[in-house]
Amino acid sequence: MKENKQMKAAAASALSPSSVFRKQPSASAYIITLLLFILFVAVLYSQESRCLIAEEIGQPEPLLAPVLASHEKLPFALRESEESCDVFSGKWVRDEVARPLYEEHDCPYIPPQLTCQAQGRPDKDYQFWRWRPNGCNLPSFNATLMLETLRGKRMMFVGDSLNRGQFISMVCLVQSAIPKDEKSMETNGSLSVFTAKRYNASIEFYWAPFLLESNSDNAFNHRISDRMVRKGSINKHGRYWKGADIMVFNTYLWWMTGLHMKVLQAGSFEDEVKKVVELTTEEAYAMGIKSMLRWVKKNMDQNKTRVFFTSMSPSHAKSSDWGGEPGGNCYRETEMISNKTYWGSDCRKSIMQVVKDVFRKSKIPITLLNITQLSSYRKDAHTSIYKKQWTPLTPRQLADPVSYADCVHYCLPGLQDTWNELLFAKLFYP
C-alpha cells in the first residue's frame, strides 16, 4: 500500500502544472491522462489494480441469470415458479422465530473451522436473518421432501471450501430427520460422503477448487501460492462425479491470483521443465467453465438429472469498502451492510461477466444460484477469528486479530443455509 501511495503521489506530481503540462490542460487531456494512469497502475499492481479500475468505472450491475435452454419440465420440479419472482432479488428480514434452522451443537458434522459459537463468538445475531425475495416467499426447507427426493440417489457438491461449507449446511439441514444409527459421514481424500441409510441416499462433497486438475488438488495440503491448472483435464476429477443425480458446482476464489493464470500444457506439475502458458484470469476461468459444461453435456442426462452452479461468494476484507474505518475487515462486524446499492470492490465484475457470457451461449440446462449480491451485505456472517486455526498463531497475529480474521468463510448455522434454501427452491420450483 505504501508503494501504491507513492505511485499516486508521483502521478499527482506528473499532472501538476510545473511538470509535464506547462500550460493549463483541457478537460479531455485530464481524462486521457487519468485513464492512462489507471491502466499503468493496473499492469503494475496486478489484482489490487483491478479493484482500482472497477472503482473508477463505477459499480457493476448485478449478475443476471444466463439464458438457458427451455424444457417442458425439469427433473425433480414439482411445479414452475412464478415468472415474475426473482428469488435472488430481495432483502434480509429479522426472524427470531424460525431461525436458525438448526443449532450448531445439534449438527455433529460441522468442522471446527465453522463452529463459531464453540470457538468463542460472543454474539448470535448473524443466525437470525432470513432472505425474503421481492414479491414472493421462499418455500420452507423440507428435510423429509429432500430425503425422499434423494432416495436411491446421489447429490454431489464439487468445488472449493466454500462449496464444502454449503455441503455441510445441506447435511445439517437434513440430518436431524434421520435416526442416529442410520446416518454416517466418511472422508477419503478429496471425497466426503454423508449417507442416509434408510433412504439409500448420499450427499457428497468432492474437493476440486478449479474443477480442472491443478497443483492445489490435495484435499489437506493445498496452500500453494504459485497456482497452476492443466488444460483439458476435467476428467481427472470428473470420473468420481459420474452417476450423481444432482450436481452443485462452484469455482471462483482460487482463480483470483492476479491478472494472469498459469496453464500447464505439457509435463507434470513437479517437472522442472514443462510447457506453461499464461492466460488472463478471465480467459483461464472461461476455459474452466467451458470444460465443466462439456463434462455435463457428456455425462449428465438432462432428462433425469439436475446441475447447479453457485455464483461467486464475496469476501469482506476491506472495511473501507462499506464506509468503515480504514485498515479493518470483517473482524468485530456484527451487523450487515444496510446500503442496498452496496457491491464491494473485490473485483468480481469481469469474472461474473464470464459466467454470464459462457452460460448464455450454452444450451445445457444449468441452474445458476446467484448468491453473490445477497451475500455481499453479510459482512457479519464470516467466521472471522472464531474458528480453529490450521496453524498456531504468532504473538504478532494474536496482538492484531484483524491480521488473521477469516473474511471468506461463514459460520454455521448462518448464511450458507440460505444458499441451500435457494437451491431447494430452484430444485423443486424452478
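Predicted model: local features only at pLDDT ≥ 70, side-chain atom pairs only at ≥ 80, totals over all residues.
**Overall make-up**

The protein comprises ten helices and 14 strands. Of its 430 residues, 52% are buried. Where contacts link residues at least 6 apart in sequence, 77% of them join residues at least 24 apart.

**Disulfides**

A disulfide is a covalent bond between the sulfur atoms of two cysteines. The model holds four disulfides, including the pairs in the table.

| Disulfide | S to S distance |
|---|---|
| Cys85 and Cys136 | 1.7 Å |
| Cys107 and Cys172 | 2.1 Å |
| Cys330 and Cys407 | 2.2 Å |

Cys85 forms a disulfide with Cys136. Because Cys85 is placed in the loop between α2 (27-57) and β1 (90-94), and Cys136 in the loop between β2 (129-133) and α3 (143-149), this pair ties together parts that are 51 residues apart in sequence. Cys85 is buried at a relative accessible area of 13%, and Cys136 is buried at 16%.

Cys107 is bonded to Cys172 in another disulfide. Cys107 belongs to the loop between β1 and β2 and Cys172 to helix α4 (residues 161-175), so the bond ties together parts that are 65 residues apart in sequence. The S-S torsion of this pair is about -80°, and the disulfide is therefore left-handed. Relative accessibility is 3% for Cys107, which counts as buried, and 1% for Cys172, also buried.

A further disulfide joins Cys330 to Cys407. Since Cys330 lies in the loop between β11 (306-310) and α7 (349-361) and Cys407 in strand β14 (residues 406-410), parts that are 77 residues apart in sequence are tied together. With a torsion of about -90° about its S-S bond, the disulfide of Cys330 and Cys407 is left-handed. Both cysteines, Cys330 and Cys407, are buried.

Methods: Residues numbered from 1 in each chain as written. Heavy atoms only, no water. Helix = DSSP H or I, 4+ residues; strand = E, 2+ residues; numbered from the N terminus. Buried < 20%, exposed > 50% of the residue type's maximum accessible area, 1.4 Å probe, protein only. Contact = heavy atoms within 4.5 Å. Disulfide = S-S within 2.5 Å.
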